[in-house]
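Here is a friendly walk through how two chains meet. Have the sequence and the model open as you read.

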Number of protein chains: 2
Amino acid sequence: VTSRQPLAVALLHHPVRDRNGARVTTAVTNLDLHDIARTARTYGVDRYYVVTPVAEQQRLVETIVAHWREGYGASANPDRGEALKLIEVVADLDAALAHWQACSGAEPLPVLTGARCRDGLDFAGCRRLLHERPLLLCFGTGWGLAPELFTQGWPVLEAIDGGSDYNHLPVRAAAAIILDRLLGVT
Amino acid sequence: VTSRQPLAVALLHHPVRDRNGARVTTAVTNLDLHDIARTARTYGVDRYYVVTPVAEQQRLVETIVAHWREGYGASANPDRGEALKLIEVVADLDAALAHWQACSGAEPLPVLTGARCRDGLDFAGCRRLLHERPLLLCFGTGWGLAPELFTQGWPVLEAIDGGSDYNHLPVRAAAAIILDRLLGVT
């Protein structure tokens, strides 16, 4: 068993689709920060990029993270700060990739996720990739990552199949399931 | 392959522990309703019991569910109502078990979950159980299910192991991971 390469996750608030398929920027939610940070920390993920081009939203994320890392929250619930310190706020995916390359020491490969990909990279294949080079696992808010991201030649992870005719997982749940399938000890 | 027996999940707001281990009743959160309902629906779970002894909180849950099933939400986002209609509000675990027995037609077995159980029922064992009788998978809010639940002789699912020294998954993430391990198509 060779040890895995570094893994980061990115939560994109732009470019993503709304329910009508239009290209939009979504608002950051407090829950997405906390839930995905806690899950990422539990699975030993190295970094959590919160991607938004909106300066006001970037400041909001910084304020929330500072509360839990250094403010009152740090003493009230230190475990929370331990998770939220994985967060790095960036303006776009290129900035996340550049930062992650600087941290991980090698060129990272983005791996896209979505609820509609039926013939994508399977989970075993993704685990193999993770032994070859650093990955940046990209999640979309809203109704998912915008189409332009799917024309870059990056691998797309196969959609989670819950065995039903319904597939509307919260992004927080999808991230948890995907990290468990890639990194969970069973 | 025999087909599985009916499966329901229960989210307990009482009796659970707070961060100091005290026995408390937590408040219902909107996110727990939506996230766990969407995940449950994706995995074909048959029912989602929201357990709280507080009448005012029970009414709040009914109001939220009605908004998405019959109110403005039903037309704005019908998928959401499709998930939230799994919700049944009950006062305690006994009421959930009685209701679930009436629905599923056989005596259901509660399966407890928690972040600390190291030698519990493993996931393969739980999948086997699910082919024998209806199960009620019980999740605790706050800092987890109260100790009194663990003295009833009910099986306790082994804790999720993320491979790190940190285990503070949100209950929404734990529910997603456990349902994927039990029911996911891989």
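## Reading the model

This is a predicted model, in which local features need pLDDT of at least 70 and side-chain atom pairs count only at pLDDT 80 or more, while totals for chains, interfaces and linings use all residues. Residues are numbered from 1 along each chain as its sequence is written, chains are lettered from A and ligands numbered from 1 in the order in which they are written, and side-chain values use heavy atoms, with hydrogens and water left out.

Let us begin with the overall arrangement.

The same surface serves both copies, since 100% of the contact residues of chain B recur in chain A. Contact means heavy atoms within 4.5 Å.

## The interface in numbers

Chain B brings 37 residues to the contact, and chain A brings 37 residues. About 3100 Å² is buried between chain B and chain A, with carbon and sulfur atoms giving 50% of that area. Buried area is the accessible area (1.4 Å probe) that two parts lose on being put together, summed over both.

Between chain B and chain A there are 20 residue pairs in polar contact, both residues being at pLDDT 80 or more. A polar contact is a pair of N or O atoms within 3.5 Å; within protein, one must be able to donate a hydrogen and the other to accept it, and residues adjacent in sequence count only if both atoms are side-chain atoms. On the side of chain B that touches chain A, helix H1 (30-42), helix H4 (78-84) and helix H7 (171-183) of chain B each supply at least two residues. H7(B) gives the most to that side, with seven residues. Helices are DSSP runs (H or I, at least four residues), as are strands (E, at least two), numbered from the N terminus.

## Salt bridges across the contact

The whole structure holds 20 salt bridges over all chains, and the count between chain B and chain A is six. In one of them, Arg41(A) meets Asp165(B) at 2.9 Å, N to O. Arg41(A) lies in helix H1 (residues 30-42) of chain A and Asp165(B) in the loop between strand E7 (135-140) and H7 of chain B, so the pair joins two chains. Arg41(A) is buried at 13% relative accessibility, whereas Asp165(B) is exposed at 70%. Buried means under 20% relative accessible area, exposed over 50%, and partly exposed in between (1.4 Å probe, protein chains only).

Asp35(B) and Arg172(A) form a salt bridge too, with the closest N and O atoms 2.7 Å apart. This pair runs from helix H1 of chain B to helix H7 (residues 171-183) of chain A. Asp35(B) is buried at 3%, and Arg172(A) is buried at 14%.

Asp180(B) and Arg181(A) also meet in a salt bridge, at 2.6 Å, N to O. Asp180(B) is buried at 7%, and Arg181(A) is buried at 11%.

Technical notes
Salt bridge = Lys/Arg side-chain N within 4 Å of Asp/Glu carboxyl O.
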